[in-house]
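The sequence and structure come first.

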Amino acid sequence: RKHLNPLKRINQEIFTYAMGRQREIEELKKVETFRREFLADVSHELKTPVFAAQGFVHTLLDGAIDDSTVRIKFLKRAAKSLDSLDALIHDLLTLSQIELGETKMHFEHFDILEMASEVLDQFENKVERKGLYIGFDQEYNHPIFVYADSEKIYRVLTNLVSNANKYTDEGEIILGFSVSSGHVTVSVRDTGMGIPPEDLSRVFERFFRVEKSRSKGRKGGTGLGLAIVKHIMEAHNSKVSVISTFGKGSTFSFKLPLSKEEDLDSTEDDEFE
Ligand code: ADP
């Protein structure tokens, strides 16, 4: 560097500086595009339930309110639209908090099998009413302790099981746990409609739906569920993945670190102190 003549050195410094600024500008442009697209997506998604509720309420005011059967029907539909609006706003807030890094992670040791059983209990009625079976892939005789944010992992499990149920018309939903080298891989497998290969990489994008119509009439989809799952797994330094055969079914899975023996011992000690 010493041997470089001063003019050349200045040139080089200017070049490095310019390259740095160029990169910053590109980065800002990307953020700006993301922000603009996000706003457009959100406005679009908000419009649907608002227009629907508006339509029902105005029709009621225009006279439909006098007919008692129509009245109940329209009020119920307006209420349903408002419920999906509520779900959408709730998911949007969750997503933006995670994206902004505003959600604190609360790591703790817990038994993922016990949590999964709770999720099974929560969904059993709903799933079985459709004539589907839901259960574990095998009998597990021992707990599987993991170190993670239990509330967020509960959200991940319920989102995946809820999707499996939404997009499966017959067959089964199976939860599996495979332990290897300090980790457990949790999987949710269904025998549902599957995802076409060209869409596989896109299902984790916010508001992406395999067919626009697919989620319609299938209760409560906000199109944000998998985007939230993806972010939660990233906050755990892990990721969620999917394999699927179109028309046959899908398997979503994610990996969590197992609790270490010594950590579990010390938690027990804490309780007796
Ligand atoms: P949605 O609220 O629409 O279910 P998600 O973000 O949870 O939104 O999922 C995005 C899209 O991925 C869904 O609209 C659906 O097309 C597809 N998808 C998600 N889970 C499954 C599944 N288990 N089987 C088939 N398709 C699925």
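A backbone N or O atom of Gly223 sits 2.7 Å from a ligand oxygen atom. Thr222 also brings a backbone N or O atom to a ligand oxygen, at 2.9 Å. From Ser250, a polar side-chain atom lies 3.5 Å from a nitrogen atom of the ligand. Polar contacts are pairs of N or O atoms within 3.5 Å. On its own the ligand has 530 Å² of accessible area, and the protein covers 99% of that. Such areas use the Shrake-Rupley method with a 1.4 Å probe.

This is a predicted model, in which local features need pLDDT of at least 70, side-chain atom pairs count only at pLDDT 80 or more, and totals for chains, interfaces and linings use all residues. Numbering starts from 1 along each chain as its sequence is written, and side-chain values use heavy atoms, with hydrogens and water left out.

## The shell

The ligand is surrounded by 21 residues, each with a heavy atom within 4 Å of it. Lys166, Tyr167, Asp190, Gly223 and Leu226 are the closest. By class, the shell holds nine nonpolar, eight polar and four charged residues; Gly counts as polar, and Asp, Glu, Lys and Arg as charged.

Which elements each supply at least two shell residues? They are helix 4 (150-166), helix 5 (225-235) and strand 7 (249-257). Helix 4 gives the largest share, three residues. Helices (H or I, at least four residues) and strands (E, at least two) are DSSP runs, numbered from the N terminus.

## Helix 5

Eight of the eleven residues of helix 5 are buried, so the rest of the structure largely encloses this helix. Buried means under 20% relative accessible area (1.4 Å probe, protein chains only). Among the buried residues are Leu226, Ile228, His231 and Met233. The buried residues pack against helix 2 (68-99), helix 4, strand 6 (240-245) and strand 7, with contact meaning heavy atoms within 4.5 Å. Just after helix 5, Asn237 has a positive phi of about 55°.

## Nonpolar cores

A nonpolar core joins buried Ala, Val, Leu, Ile, Met, Phe, Trp, Tyr and Cys residues through side-chain atoms within 4.5 Å. The largest has 50 residues. Ile112, Ile153, Leu157, Phe177, Phe254 and Leu256 touch the most other members. Helix 3 (residues 112-129) contributes most to this core, with eight residues.

Leaving out residues up to four places away in sequence, Phe254 touches residues including Ile153, Val156, Leu157, Leu160 and Met233. Another core, of five residues, lies apart from the largest one; Phe56, Leu60, Ala64 and Phe74 are among its members.

Definitions and conventions. Polar contact = N/O pair within 3.5 Å; in protein donor to acceptor, adjacent residues only side chain to side chain.
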